[in-house]
Amino acid sequence: MQSRIPSDPGRPGRPGRPRSAAADEAILEATRAALVELGWSKLTLGDVATRAGVAKTTLYRRWAGKNELVVDAVAVLFDELELPDRGSLAADIEGVVLQFAALLDRPETKTALMAVVAESTRDAPLRERIRTSIVDRQKRLVLEGRARAERRGELPVAEDPCVAAATADLIFDVAAGAVVHRTLVSAEPVNPDWVRRFTALLLGGLTAASG
């Protein structure tokens with residue numbers, strides 16, 4: 001699947017010099033490769049530019065610094081996540097959880113995500129960029145799954161949009177938190193049996209909340 005390149009509204013392109021999607025993709029791929037090889041502390045925009053075959057000025061026109069670049073390099077990986085219709089809410093959840101776990105198991109995702117999360121503990125703007133570029137964007141999966149379950153009659157239609165939004169936030173936090181902890185902290189496998197048990201637990205809580 002082709003990566004989707006995040007927009008960069010804060011950095012308008014110069015007249016006559018439109019952004020190149022191919023250059024952006026090469027830069028983000030080079031960033032992830034450099035992180036795996038060098039780690040956060042040794043990663044520089046100069047090294048990324050060399051790997052991507054572009055001038056350093058090309059990077060600086062697009063990203064203010066290393067933090068922004070690495071977050072966007074991670075964000076496009078998470079944009080690959082999808083929620084195929086597998087016939088039931090339980091099957092849909094199991095499918096996306098397995099996708100998420102497989103994504104976290106990739107060296108470039110694991111290294112980049114842990115690096116930016118660690119750095120964000122002392123960088124409030126970086127935390128905000130992670131929230132808007134990764135977390136908020138991926139909540140679409142919860143909203144899509146909820147809407148599909150309502151159409152199937154598996155869940156009641158949410159009457160209060162504020163309550164529905166708060167519930168979606170909670171579901172995302174529980175699901176993402178559990179998978180990240182198991183894969184990156186506990187280093188335990190997210191296999192089909194674990195996913196089935198986790199989904200049953202999540203659905204029990206969701207059904208109770210909806211009731």
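Modeller: Axes here are lines fitted to C-alpha atoms, for helices over the stretch in contact, with angles running from 0 to 180 degrees between N-to-C directions. Helices (H or I, at least four residues) and strands (E, at least two) are DSSP runs, numbered from the N terminus. The model is predicted, so local features need pLDDT of at least 70 and side-chain atom pairs count only at pLDDT 80 or more, while totals for chains, interfaces and linings use all residues. Residues are numbered from 1 along each chain as its sequence is written, and side-chain values use heavy atoms, with hydrogens and water left out.

The part to look at is the packing of α4 on α6. The two axes come within 10 Å and cross at roughly 135°. That angle makes α4 oblique to α6, because under 35 degrees counts as roughly parallel, over 145 as roughly antiparallel, 65 to 115 as roughly perpendicular and the rest as oblique. The crossing of α4 and α6 is left-handed (the near helix is turned anticlockwise from the far one by less than a right angle; clockwise would be right-handed). On the α4 side, Asn67, Val70, Val71, Val74, Leu77 and Phe78 make the contact (heavy atoms within 4.5 Å), and they meet Glu108, Thr109, Ala112, Leu113, Val116 and Glu119 of α6.

Ser133 lies in helix α7 and is buried, at 11% relative accessible area (buried is under 20%, exposed over 50%, partly exposed in between, with a 1.4 Å probe and protein chains only).

Charged pairs are the next thing to look at. The whole structure holds 19 salt bridges (a side-chain nitrogen of Lys or Arg within 4 Å of a carboxyl oxygen of Asp or Glu). One of them involves Glu108, from the α6 side of the contact: its side chain meets that of Arg106 at 3.1 Å, N to O. Arg106 is partly exposed, at 28% relative accessible area.

Another salt bridge pairs Arg152 with Asp92 at 2.9 Å, N to O. This pair joins α7 to α5 across 60 residues of sequence. Asp92 is buried, at 2%, whereas Arg152 is partly exposed, at 28%. Through shared partners, salt bridges link Asp85, Asp92, Glu144, Arg148, Arg152 and Glu154 into one network.

A further salt bridge, between Arg62 and Asp24, has an N to O distance of 2.5 Å. Arg62 sits in helix α3 (residues 56-62) and Asp24 in helix α1, 38 residues apart. Both partners are buried: Arg62 at 7% relative accessibility and Asp24 at 3%.
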